[in-house]
Amino acid sequence: MTIRFEERPPLIIPVSDLRSLREVVVAAQPPHPRAAVAAWLAEELDRATVVPPEVVPAQVVTMHTRVAYRDDVTDHVRRATLVFPGEEDASGPALSVLSPVGAALLGLSEGQSIRWRTASGGFRGVTVLRVLFQPYEVALGGHCIRGLGRAANA
């Protein structure tokens with residue numbers, strides 16, 4: 001299964017998520033059933049802008065972010081929390097970062113879309129509509145400013 005991108009928007013990943021995500025990629029090598037998604041995730045991590053947690057903008061999808069997104073093929077709007085593999089049983093709808101949609105959402109900001117061609121030749125795409133909960137904003141005491149990251153001495 002090869003995933004080919006049609007559009008690749010800029011991504012932001014906190015350094016603290018990057019370490020754990022690299023471990024996920026290493027653990028999902030062939031013959032793992034999600035090896036193709038892990039390879040795609042590795043490419044996305046390589047091209048992302050990696051930042052300290054304290055400057056992650058509040059509207060960026062990070063791990064454990066609750067997000068509203070649109071499936072651009074079906075126009076269905078969904079809400080889910082982006083989680084690591086094995087955390088899908090958490091309360092509420094959860095989306096593994098090792099799923100194609102989960103890997104696509106990681107690092108996107110509100111309003112950004114990503115589109116890719118599937119192994120079967122079809123297109124998939126998602127658009128981030130709204131970040132409903134972002135753990136870095138909460139961990140910093142709500143000092144993230146939408147669009148600017150953490151405010152100095154806010």
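Me: A charge sits over a ring if NZ of Lys or CZ of Arg is within 6 Å of the ring centre and within 35 degrees of the ring normal. What makes R115 and F123 such a case?

Reply: This is a predicted model, so the values are computed from it. The charged end of R115 is 4.1 Å from the centre of the F123 ring. The cut-off is 6 Å. R115 is therefore within it, and its charge is listed as sitting over the ring.

Me: Which elements make up the protein, from the N terminus on?

Reply: The order is β-β-α-α-β-β-β-β-α-β-β-α-β-β. That gives four helices and 10 strands.

Me: What makes R8 and E43 a salt bridge?

Reply: Their N and O atoms are 3.8 Å apart. A salt bridge needs a side-chain nitrogen of Lys or Arg within 4 Å of a carboxyl oxygen of Asp or Glu. An N to O distance of 3.8 Å meets that, so R8 and E43 qualify.

Me: Why does the R8 and E43 pair tie together parts of the chain?

Reply: R8 lies in the loop between β1 (4-7) and β2 (12-14), while E43 is in helix α2, so the pair joins parts 35 residues apart in sequence.

Me: Is R8 buried, exposed or partly exposed, and how do you know?

Reply: R8 has 40% relative accessibility. Buried means under 20%, exposed means over 50%. The value falls in between, so R8 is partly exposed. E43 also has 40%, and counts as partly exposed.

Me: How do you know that R22 and D46 form a salt bridge?

Reply: Their closest N and O atoms are 2.9 Å apart. The limit is 4 Å, so the pair counts. R22 is in helix α1 and D46 in helix α2, 24 residues apart.

Me: Is D46 buried or exposed?

Reply: D46 has 57% relative accessibility. Exposed means over 50%, so D46 is exposed.

Me: What about D72 and R70: what makes them a salt bridge?

Reply: Their closest N and O atoms are 2.9 Å apart. With a limit of 4 Å, the pair therefore counts. D72 is partly exposed at 29%. R70 is partly exposed at 27%.

Me: Which residues do salt bridges that share partners join into one network?

Reply: The network holds R8, E43, E44 and R47. The whole structure has seven salt bridges.

Me: How many aromatic pairs does a search of the whole structure find?

Reply: One. The pair is W40 and W116.

Me: Which residues touch the most other members of the largest nonpolar core?

Reply: L21, L41, L45, Y69, L105, L106 and V126 do, in a core of 35 residues. Helix α2 gives the most to this core, with six residues.

Me: What is L41 in contact with, leaving aside its neighbours within four places in sequence?

Reply: L21, V25, V97, L98 and L106.

Technical notes: Residues numbered from 1 in each chain as written. Predicted model: local features only at pLDDT ≥ 70, side-chain atom pairs only at ≥ 80, totals over all residues. Heavy atoms only, no water. Helix = DSSP H or I, 4+ residues; strand = E, 2+ residues; numbered from the N terminus. Core = buried A, V, L, I, M, F, W, Y, C linked by side-chain atoms within 4.5 Å. Buried < 20%, exposed > 50% of the residue type's maximum accessible area, 1.4 Å probe, protein only. Contact = heavy atoms within 4.5 Å. Phe/Tyr/Trp six-rings, centres within 6.5 Å; stacked < 30°, edge-to-face > 60°.
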